[in-house]
Amino acid sequence: MPTHSRRFLVGALGALGTGALLAPQWLIRSAAAATEPSAVILWNQAALAAVRKTRMNPPVTARALAILHTCIYDAWAIHDERARPSEAIARRPASERRPDRQGEAVDFAAHQALVELFPSETAAFNELLCRLGRRPGGSDPDTAGNIGRMAAEAVIARRRTDGANQLGDLAAGPYADYTDYQPVNPPDRLIDPDRWQPIRLPDSKGGTRLQKFIVPHWYKVKPFALTSAAQFRPPAPCGKDATEYRRQAEELVQMVAALGDREKLISEYWIDGPGSETPPGHWCLLAQHVAARDGHTLAADVQMFFALTNALFDTSIAAWDVKRAYDAVRPYTAIRYLFANAQIPCWAGPGLGVRTMAGAEWVPYQHAGDLTPPHPEYVSGHSAFSAAAAAILRQFTGSDNFGASHTQAAGTCKIEPGLVPARDLTLRWPTFTAAADEAGLSRRLGGIHFKAADFEGRRLGRAVADRVWGKARAYIVGA
């Protein structure tokens, strides 16, 4: 069975009280905790494994997860007496609304979606389908499996032309930019200190690679529930001539210089960089914890992941709209510009501690190969994704109670291996809000975002989630 990339320690539910876990009346749960994860969880785990292996970036990951779980949801919904599918697909007759047919339709819909999204991983998806007792292929159009495929294909067909450029038909290469974005600042000269600057970073071959803004066209992707990518766009960030700009930069310098083991762990735990499940996938891992904690049925997992992943998807569109609109400078560039000739406290590198150095040498607390993300600073994607996910999970469960934690063994952090943390250290999240706020804070502790980008990202994520929740719930209850 696929496993999580992180281990979560589940808090005792008894300590939360029975009232804390009351769900909305429309949500159907099992009477007792499930002993095995549902097929929805297994397909979600397979998708996250594919995200890691293909090194998919956060916005594309959010879209892939939303497509997967919308396909699953529609295959389930057409076998439900009340729920309404997202596409115009006829409900199956009452005689077919049975758990066995519903489960088969879900499995084949998930398989169809993942093969579309990750064709290089087809063998792994075939293997999972077989382990679930299904067999790829078959020509009988009335089988539940083929009905699941039909439901998935309706979702997939619409998404092939949603502006993501998945097929590379709008510009050469899957997900390639077709809007001709060009950075104002070249990597070796700062023309406008308020605008994003790509930098050169070391590659795995001993040379360097030049950053490129990932999916700058993402504001053109068709959302699930938003009326436009700019629906909740916040005001522009302050520029270099504003007092607040310098204040936030000074605050960030001091924050990075004062990191202790807990702050370093928070920064690293939430990094979700290249080769990980990325921030949208991370919140799917946390949702898996919720499913296990609450003993979800297949129906509950279908509904939760449908709402969650579409909120993450719409958040990716809204956040990347802001990034493209304002093209804001990253702290890596801004701090080196502001304090170029000043002596400031700087993290000197793994195991070297903090030293007083020229501001032109300042670096964030990150891996050397990924010192700063390849896209503009404002707003924080981590903050937006996390706030949106936490809002959906609060709404879905009827409570902010979370009760998860993560323990890091001494010396196992990757930025400073052997040193951090000095002893076993546990991060605890009593609520979804606490986890989301910590994820946003992590990007400031790591020197990746200014305070405004964090807080505006949180507000953006919550606004998007509210919109998505209303639409997703309407589908689920058949409104």
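**Salt bridges and a helix contact**

In this predicted model, Asp-437 has a relative accessibility of 28% and therefore counts as partly exposed, since that category lies between the limits of under 20% for buried and over 50% for exposed. Because Arg-458 belongs to helix 13 (residues 451-477) and Asp-437 to helix 12 (residues 432-445), the pair ties together parts that are 21 residues apart in sequence.

A further salt bridge is formed by the side chains of Asp-454 and Arg-444, for which the N to O distance is 3.0 Å. This pair also links distant parts of the chain, with Asp-454 in helix 13 and Arg-444 in helix 12, ten residues apart. Both Asp-454 and Arg-444 are buried. Through salt bridges that share partners, Asp-437, Arg-444, Asp-454 and Arg-458 are joined into one network.

Side chains of opposite charge can pair when their charged atoms come close, and a search of the whole structure finds 26 salt bridges. One of these is formed by Glu-116 and Arg-160, whose closest N and O atoms are 3.0 Å apart. Here again distant parts of the chain are linked, as Glu-116 lies in helix 3 whereas Arg-160 lies in the loop between helix 5 and strand 1 (200-202), 44 residues apart. Glu-116 is buried, its relative accessible area being 19%, which falls under the limit of 20%, while Arg-160, at 27% relative accessibility, counts as partly exposed.

Glu-116 also takes part in the contact of helix 3 with helix 5. Two packed helices are described by the angle between their axes and the distance between the axes. For helix 3 (residues 99-117) and helix 5 (residues 144-159), the axes come within 7 Å and cross at roughly 45 degrees, and the two helices are therefore oblique to each other. The crossing in which helix 3 passes helix 5 is right-handed. On the side of helix 3, the residues in contact are Arg-101, Glu-104, Ala-105, Phe-108, Ala-109, Gln-112, Ala-113 and Glu-116, and these meet Ala-144, Gly-145, Ile-147, Gly-148, Arg-149, Ala-152, Glu-153 and Ile-156 of helix 5. Sorted by class, this contact comprises eight nonpolar, three polar and five charged residues.

How values were computed
Residues are numbered from 1 along each chain as its sequence is written. This is a predicted model: local features need pLDDT of at least 70, side-chain atom pairs count only at pLDDT 80 or more; totals for chains, interfaces and linings use all residues. Side-chain values use heavy atoms; hydrogens and water are left out. Axes are lines fitted to C-alpha atoms, for helices over the stretch in contact, and angles run from 0 to 180 degrees between N-to-C directions. Helices (H or I, at least four residues) and strands (E, at least two) are DSSP runs, numbered from the N terminus. Angles under 35 degrees count as roughly parallel, over 145 as roughly antiparallel, 65 to 115 as roughly perpendicular and the rest as oblique. A crossing is left-handed if the near helix is turned anticlockwise from the far one by less than a right angle, and right-handed if clockwise. Contact means heavy atoms within 4.5 Å. Ala, Val, Leu, Ile, Met, Phe, Trp, Tyr, Cys and Pro count as nonpolar, Asp, Glu, Lys and Arg as charged, and the others, Gly among them, as polar. A salt bridge is a side-chain nitrogen of Lys or Arg within 4 Å of a carboxyl oxygen of Asp or Glu. Buried means under 20% relative accessible area, exposed over 50%, partly exposed in between (1.4 Å probe, protein chains only).
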